Amino acid sequence: MAYLNAEQREKLVNDLKGLPFNKAKGKVRGMDAASRLVYYRNSQGVGRWLTRFDLPTLGTRVTLVESHKDTDKNGKIKSEYDLAEIIAEALPGNNS
């Protein structure tokens, strides 16, 4: 299969928008049999959690960015994650 070009990566981002995190994660993992989870809910900023997949067959790296907040429900603190941003970029070697 050929590498994804910029237009196809933008289409992928638009397809993933509006999906819940788990469905978006499953769709990305299912796109490439050689997909690799780079990191899962890695906190690299306050309130931002990143999950990254490398899709080497497609020459694409997909990062799912979630916003995180803690809420108090009936005296218990619950964590809530919302898919805030999706980044699809070319891997090194993908010049399309």
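These questions and answers go through a few local features of a predicted model.

Colleague: Which residues of helix α1 are buried?
Modeller: Helix α1 covers residues 6-16. A residue counts as buried when its relative accessible area is under 20%. In α1, the buried residues are R9, L12, V13 and L16.

Colleague: How many degrees of arc do the buried residues of α1 cover around the axis?
Modeller: The residues in question are R9, L12, V13 and L16. They lie on the same side of α1, because their arc around the axis is only 100 degrees. In general, an α-helix has 3.6 residues a turn, so residues three or four places apart point the same way. The arc asked for is 100 degrees.

Colleague: Which exposed residues does α1 carry on the face turned away from its buried side?
Modeller: The buried residues of α1 are covered by elements including α2 (21-31), β3 and β4. The face turned away from that buried side carries exposed residues. These are E7 and K11.

Colleague: Which residue just after α1 takes a positive phi?
Modeller: Helix α1 comprises residues 6-16. Just after α1, phi takes a positive value of about 90 degrees. The residue is G18.

Colleague: Is E66 buried or exposed?
Modeller: E66 sits in strand β3. Its relative accessibility is 1%. A value under 20% counts as buried. E66 is therefore buried.

Colleague: What is the phi of R41 near?
Modeller: R41 belongs to strand β1 (residues 36-45), and its relative accessibility of 22% makes it partly exposed. Most residues other than glycine have a negative phi. R41 is not glycine, yet its phi is positive, near 45 degrees.

Colleague: Where is N74 found?
Modeller: Phi of N74 is also positive, near 55 degrees, in a residue other than glycine. N74 is exposed, with a relative accessible area of 84%. N74 is found in the loop between β3 (60-73) and β4 (76-90).

Notes:
Residues numbered from 1 in each chain as written. Predicted model: local features only at pLDDT ≥ 70, side-chain atom pairs only at ≥ 80, totals over all residues. Heavy atoms only, no water. Helix = DSSP H or I, 4+ residues; strand = E, 2+ residues; numbered from the N terminus. Buried < 20%, exposed > 50% of the residue type's maximum accessible area, 1.4 Å probe, protein only. Arc of directions from axis to C-beta. Contact = heavy atoms within 4.5 Å.
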